[in-house]
Amino acid sequence: MSATTPKGLSRLAFGGDYNPEQWPESVWQEDVRLMREAGVTLVSVGIFSWALLEPEPGRYDFGWLDRVLDLLHANGIRADLGTPTVAPPAWFYRAHPEALPATPDGVRLAYGSRGAICHSSPAYREAAARITTELARRYAGHPALALWHVHNEYGVPVSACYCDGCAAHFRRWLDGAYGSVEAVNEAWGTAFWGQRYGTYEEILPPRTTPTVGNPAQQLDYRRFADATIRENFRAERDILHELSPGIPVTTNFMTALSQCDSIDYWAWGREVDLVTNDHYLITDGRRTHVNLAMAADLTRSVAGGAPWLLLEHSTSGVNWQPRNPAKRAGEMARNSLAHVARGSEGAMFFQWRQSRRGAEKFHSAMVPHGGTDTRIWREVVELGAGLGALEEIRGSRTVPDVAMLWDWQSWWAQKLEWRPNEAHDARERADGFYETLYDRHLTVDFAHPEADLSAYPMVVVPALYLMTEAAGQNLREYVENGGTLVVSYFSGIVDEHDAVHPGAYPGALRDVLGLTVDEWSPLLDDQRVGLAGPGGAALTGDVWTEFVRPRGAETVWTYTDGPAAGGPAVTRHRLGRGTAWYVSTRLDAASLDAIVAAAAEDAGIPSRPALPRDVEVVRRAGAHGHYVFVLNHTDAEAKVQLDGPGTELLAGGEVTGTLTVPAGGVRVVRLDG
């Protein structure tokens, strides 16, 4: 059996990707000395080292890795040991060029980067199993080993291959999923445009076609690609479980909607022993700390609420965006502790020492090119000490307030071609609703549409174009049993095969919302619509409007202009002991807040004490007590009223009543009693 926490780690994890193979061995002693100075407890090693570990087919060289792991152990540092299967060696591709992935246009990608893998390739699968087996046999009993790290960031940069080998594999997958080609025809609706298949052999991947291809086929291919990658992970994981029992196995996710859209993390969360995540701030004009909080909440939710681990983020700027600003003083620690507040059992970075060569030489690191006489290094040492002071929070869990439904497969379906308005973006709506909840100082759990929602007083549905009948029934029962539901437009429209639910829109949600939609009327880029509601309150929408017909729901806000002028824009439906709200247009932030505030009142969610915008308050609870994290993302001092007296763990000292948090600062309080 494997454990679910890194073996032998008695403190919060702190460290990063360690790539000693990039440096002469004379540097290694300095590395471990500095690691001790910084309070490093865990490093990831060997992730991109296949060519060094197996320089020729079947010939292995583990001497350098032996010395690295022995050195780490001698200095009290645990290892997250990678299987290097994200980067097969050049000799492998020379022998097996068919293992390189092909694009929908039939272009075979070349060797010379990372992640260039056809996951259906038998040769790749065999080679990956061999190197994983050799590593497990050699290091299963090594005293430094705390965690196995399979592959790296599955799903990027290549999530699907379209070669003939994948075509054959896809046919086998379809047979397993449907049982007959007739069932595939029915699910895909191949009667449209005369696409009917007579045998499996006629079915190909969704390669480039003269115009839009079959959407259900495209959706199933995304499922197939995700399942195929997951098969390869499971193969390595099972080898490690067998040969290295007691050591948890993980792979680093990229749950942020800004970073990976090709992996169904609900499915992957069930496969790993410990959920880990990589997160990087995206420089796109948005409030980056809100994206960070959302990614952390999503990762914790994929972990089922259990503690998880931030396996990578950056000490300062990255190098792969058009513009890569440095983090401001104190931002690195604030980012790190924001992840910890939302459930991470530590903070790890890419990478330990900044590379002198290669594609990421300008990516920040714990030890920058300037060495230890730098702001980054001083902040690294300070953060290490801070995480050491938070040791007692290990095993505690973040306390949520509300839930948001999200489904990667629905996102895949909505992103296919020929939708009513390409300006409607599922990620944008998820970001928008999340930011509204964040600004109301509510901590969000994410949930699958068919999950048990009974623990949440309010559930928000920002964008679920694809919804199964089971999910629709789940939401109906949630509301009937006293829950408050908030649903945004273009949700509940199609089933799992991208087929429109029989009857009027919104399909799977008609009953719970108490309405039907006669027709959509998306807006042009420069169009806005007004909404009038209670007390003369005026809201503003864009992108989308609908002709809504209440069938039990009451109209709360009405369109004052636009295509649906005079008709319902926002409705409220009492069903059983609960209430369901529907929003039929895209609202700006202030307008959306008005809806969420009204729904929160229905849900009985108390108003938070007055807090400045961008002052984040998150709670964790566990065997050792209740903890309040306050993160001040502003340039001004903030004061927060606590529920009672407590002890401040970072700065030290007793706190009674009001907690003062300096500009850009973080405070963590263990509440008494």
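Predicted model: local features only at pLDDT ≥ 70, side-chain atom pairs only at ≥ 80, totals over all residues.

1. E24 and E29 are joined by six bridges and pair in the antiparallel sense.

2. Strand E23 (residues 615-622) runs antiparallel to E24, and eight bridges join the two. Here Arg 620 stands opposite Tyr 627 in E24. The two strands form a hairpin, with two residues between them.

3. Is E24 enclosed or open to the outside? Strand E24 covers residues 625-632, and seven of its eight residues are buried, so it is largely enclosed by the rest of the structure.

4. E29 has a further pairing worth a look. Strand E26 (residues 646-648) and strand E29 (residues 666-671) pair in the antiparallel sense, with three bridges. Within this pair, Glu 648 has Val 669 of E29 as its bridge partner.

5. Now put these pairs together. The sheet is open and has six strands, in the order E10-E23-E24-E29-E26-E27, with antiparallel pairing. Its edges are strand E10 (397-398) and strand E27 (654-655), each of which pairs on one side only.

6. For the parallel sense, turn to E9. Strand E1 (residues 13-18) runs parallel to E9, and four bridges join them; Gly 15 stands opposite Met 348 in E9. Strand E8 (residues 308-312) also pairs with E9 in the parallel sense, over two bridges. There, Trp 308 has Ser 344 of E9 as its bridge partner.

7. How many residues of strand E9 are buried? For this strand (residues 344-349) the count is six of the six, so E9 is largely enclosed by the rest of the structure.

8. Ala 365 lies between E9 and helix H12 (375-389). Its relative accessibility is 0%, and it therefore counts as buried, the cut-off being under 20%. Ala 365 and Phe 349 are 16 residues apart in sequence, while their C-alpha atoms are 7.3 Å apart in space.

9. What does Ala 365 touch, leaving aside its neighbours within four places in sequence? Its contacts are Thr 315, Gln 351, Trp 352, Arg 353, Gln 354 and Ile 376.

10. Finally, a helix pair. Helix H1 (residues 26-38) packs against helix H3 (residues 63-74) at an angle of about 30°, and their axes are 10 Å apart. Angles under 35 degrees count as roughly parallel, and H1 and H3 are therefore roughly parallel to each other. Their crossing is right-handed.

11. Which residues make this helix contact? From H1 come Trp 28, Gln 29, Val 32 and Met 35, and they meet Trp 64, Arg 67, Val 68, Leu 71 and Leu 72 in H3. By class, the residues of this contact divide into seven nonpolar, one polar and one charged.

Methods. Residues numbered from 1 in each chain as written. Heavy atoms only, no water. Axes fitted to C-alpha atoms, helices over the stretch in contact; angles between N-to-C directions. Parallel < 35°, antiparallel > 145°, perpendicular 65-115°, else oblique. Left-handed = near helix turned anticlockwise from the far one by under 90°. Contact = heavy atoms within 4.5 Å. Nonpolar A, V, L, I, M, F, W, Y, C, P; charged D, E, K, R; others polar. Pairing = 2+ DSSP bridges. Buried < 20%, exposed > 50% of the residue type's maximum accessible area, 1.4 Å probe, protein only.
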